[in-house]
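Please look over the sequence and the model shown here before reading on. The report is meant for someone meeting this structure for the first time.

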Amino acid sequence: MNHLKRLLNAISRPFSRLSSFRDLQSIAGNGLVCPVYHICRDSTPPWWGQRYPIKSTQEFEKDLDFLASLGPFVSLSDLLEWKNGNRDRPQGCFLSFDDGYRELAEIIAPILLRKGIPATFFLVSSILDNTAIFHEDLAGLIQVRLASAVKVERQAIARTASRYNKTLEQTLFVRTPDWALLREICGQLELDCKAWLAGEKPYLTTQHVKKLIGDGFAIGSHSVDHPLFMDIDDQQKIEQIRSSTAAITSQFSLNYRAFAFPYGEFGIDYSFFELLQNSKCLDLCFGTRGITMDEFEPFLIQRVLAEGHQGPFRNHLHREMRLQKHRVTIQRATVRRPRLVA
């Protein structure tokens, strides 16, 4: 897919300005734009590590103003009406945020309220109320500690990783963490995660979420502890979905069940989604394939990542829409998954 994007950009770059957003939005799949963010703040904390760049509040507001020019903002209720057969595929922008950092309540929600923009927040259930640490944050803390460690300490940590048949790089950057290994490294580095959580308080609390709901925002689940779903078996996938969704819907008395796949739903076959849809444990779920359609719409809706792109956000969405236009041309406008033959 990355190769296809590079090829398309190279071919279409000289002509890209000839296609207006209005023209591109008329292409199948381009009318519904679903940007997903994670965090927004004006300074990047040292423990953030080597992830995507964090957008400043000014950059975020600029994105919102541009998105407003593409059409009305769409709420989760609008998507549920579509899924229930009460309306056509919505046209406009559905805005969502993953993970559950406290900036969602302290920085992002006030901006959205001021601008009158609906949004949905997908929460990793285990980190709510700062009761556990997100593994990407833990990897960042370990990187910070290792940066000031002497060579002997770094070598000892590398030897620990090798006992688990991993390199240090694999330990810190893998998307499905080995918690036993990470805990052992924390012990070696005298890294107290509970103390860090108590001092930093990086994640949303129950009170934050109740206020978000009271202010009209929608809430969904984003797994128990954010694994890469292609790394775990189907039973674990279902357990991650059921447990996190049950925890969120029960705690906050929600009458809908929405789930966003951590790292997207790549590598998951048709039969799993057929099973998930038939299980009736979810009303809606979301992937991150970009601006496109999905064979399981409206049960599964695709989103486009709004962070980590090259250049202005406007240009990023223009490229995504041109890519979908190309998919329509070659009759690949809808995400389809492999079907296992018995």
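Predicted model: local features only at pLDDT ≥ 70, side-chain atom pairs only at ≥ 80, totals over all residues.

Three strands form an open sheet, in which the order is β1-β4-β3 and the pairing is parallel. The strands β1 (32–33) and β3 (73–74) stand at the edges with a single partner strand each, so one side of each of them is left without a neighbour in the sheet. Strands of a sheet pair through backbone hydrogen bonds, and the pairing is either parallel or antiparallel.

Between β3 and β4 (residues 92–94), which run parallel, there are 2 bridges. Phenylalanine 73 has cysteine 93 as its bridge partner in β4.

## Helix α7

Helix α7 covers residues 151–163, and its 13 residues reach 19 Å from the first C-alpha to the last, which is close to the 18 Å expected at 1.5 Å a residue. Within α7, the residues Ile157, Thr160 and Ala161 are buried. These residues are on the same side of α7, because they cover an arc of only 100° around the axis.

On the face of α7 that is turned away from the buried side, the exposed residues are Lys151, Val152, Arg159 and Arg163. After α7 comes asparagine 165, whose phi is positive, near 60°.

A disulfide is a covalent bond between the sulfur atoms of two cysteines. The count of disulfides in this model comes to 0, where the cut-off for a pair of cysteine sulfur atoms is within 2.5 Å. For cysteine 34, the closest cysteine sulfur is that of cysteine 93, and the two sulfurs are 8.2 Å apart, which is too far for a bond. Cysteine 40 is likewise in no disulfide, and the nearest cysteine sulfur, again that of cysteine 93, is 17 Å away.

Cysteine 34 is buried, with a relative accessible area of 2%, and cysteine 40 is also buried, with a relative accessible area of 1%.

## Threonine 249

Threonine 249 lies in helix α12, which covers residues 234–251. The relative accessible area of threonine 249 is 16%, so this residue counts as buried, the cut-off being under 20%.

The side chain of threonine 249 reaches the backbone oxygen of alanine 246 at 3.4 Å. When neighbours within four places in sequence are left aside, threonine 249 is in contact with Leu254, Tyr256 and Arg257.

Methods: Residues numbered from 1 in each chain as written. Heavy atoms only, no water. Pairing = 2+ DSSP bridges. Helix = DSSP H or I, 4+ residues; strand = E, 2+ residues; numbered from the N terminus. Expected span 1.5 Å × (residues − 1). Buried < 20%, exposed > 50% of the residue type's maximum accessible area, 1.4 Å probe, protein only. Arc of directions from axis to C-beta. Polar contact = N/O pair within 3.5 Å; in protein donor to acceptor, adjacent residues only side chain to side chain. Contact = heavy atoms within 4.5 Å.
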